[in-house]
Amino acid sequence: MQHELIQLPYAYDALEPYLSRETLSYHYGKHHAGYVTKLNALLVQSKFSDMSLIGIVMMSEGTIFNNAAQVFNHDMYWHSMSPKETDFSIELEVAISQSFGTIEEFKKMFNEKAISHFGSGWIWLSGDKNGKLLIETTVNADNPLRHGNTPLLTCDLWEHAYYIDYRNARADYMEKWWKLVNWEYVSNKFYDYNKK
Ligand code: MN
């Protein structure tokens with residue numbers, strides 16, 4: 001089974017001025033595409049060759065895991081953003097407020113955790129097995145599925161996500177990133193998570 005590079009849900013320049021056309025063309029067209037190509041090459045004659053992407057993320061280790069998880073993580077990252085202004089569902093807004101105080105406090109906690117995460121990785125809003133929302137960071141390609149949690153929103157903390165536009169200033173990237181968050185997508189994820 002060949003894994004495919006998802007279509008970017010918007011044009012390369014759609015997230016400007018917060019993320020440039022150059023960032024998206026490299027990040028999606030080189031980095032993300034590279035993980036897909038590498039994954040397909042690694043899967044040839046491996047025991048994971050017929051498995052779904054999530055199955056591989058759950059079961060594999062080493063370079064197969066790294067590439068499969070990076071494909072999954074980037075798929076979710078692109079969908080976590082939108083050029084349009086979007087809104088929360090009431091259910092999501094209530095759940096975030098109950099878990100973190102207010103939406104503003106949630107964003108502040110999320111930013112602080114993202115900024116203090118050392119090196120490459122990802123930051124997530126996730127739901128745990130008991131229906132509790134949490135903010136978690138993961139190292140390199142790791143993601144919440146491996147820890148029994150359900151990812152609802154993610155931001156890429158690898159320098160390749162922001163270096164062209166923000167150089168080393170991860171805090172500036174995080175601050176601007178909120179202008180792009182696709183709350184409709186997160187609300188849908190949250191709805192699915194609650195149904196489980
Ligand atoms: Mn990336």
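Residues are numbered from 1 along each chain as its sequence is written, and side-chain values use heavy atoms, with hydrogens and water left out. Because the model is predicted, local features need pLDDT of at least 70 and side-chain atom pairs count only at pLDDT 80 or more, while totals for chains, interfaces and linings use all residues.

The manganese ion has as its protein donors His 27 (NE2), His 74 (NE2), Asp 156 (OD) and His 160 (NE2), which lie 2.0 to 2.2 Å from it; donors are N, O and S atoms within 2.8 Å of the metal (3.2 Å for Na, K and Ca), and since water is not among the atoms, sites may look incomplete. Along the chain these donors follow the spacing H-x46-H-x81-D-x3-H. The pair of His 27 in helix 1 (residues 21-43) and His 74 in helix 3, 47 residues apart, links distant parts of the chain; helices here are DSSP runs of H or I with at least four residues, strands are runs of E with at least two, and both are numbered from the N terminus. His 27 is buried, with a relative accessible area of 1%, and His 74 is likewise buried at 0%, where buried means under 20% relative accessible area, exposed over 50% and partly exposed in between (1.4 Å probe, protein chains only).

In soluble globular proteins, nonpolar side chains tend to be buried together. The largest nonpolar core of this model holds 61 residues, of which Tyr 77, Phe 110, Leu 125, Tyr 173 and Trp 177 touch the most other members, and its largest share, 9 residues, comes from helix 3 (residues 62-79). Such a core is a set of buried Ala, Val, Leu, Ile, Met, Phe, Trp, Tyr and Cys residues joined through side-chain atoms within 4.5 Å. Leaving aside residues up to four places away in sequence, Leu 125 touches, among others, Ile 96, Phe 100, Phe 110, Leu 153 and Val 186, contact meaning heavy atoms within 4.5 Å.

Helix 7 (residues 170-177) has Arg 170, Tyr 173, Met 174 and Trp 177 as its buried residues. They lie on the same side of helix 7 because they cover an arc of only 95 degrees around the axis, the arc being that of the directions from the helix axis to the C-beta atoms. These buried residues pack against helix 3, helix 5 (103-116), strand 1 (121-127), strand 3 (150-156) and helix 6 (163-166).

The largest pocket is lined by 17 residues, of which Phe 72, Leu 145, Thr 150, Pro 151 and Lys 189 lie nearest its centre. A pocket is an open set of points on a 1 Å grid over the protein atoms alone, where a 1.4 Å probe fits, with protein on both sides within 12 Å along at least five of seven lines; lining residues have an atom within 4 Å of a point. Helix 3, strand 3 and helix 8 (183-195) each supply at least two residues of this lining.

Most residues other than glycine have a negative phi, and most peptide bonds are trans. A cis peptide bond, with omega about 5 degrees, joins Glu 16 and Pro 17, and Pro 17 lies in the segment before helix 1. Gln 45, which is not a glycine, has a positive phi of about 60 degrees; Gln 45 is exposed, with a relative accessible area of 81%.
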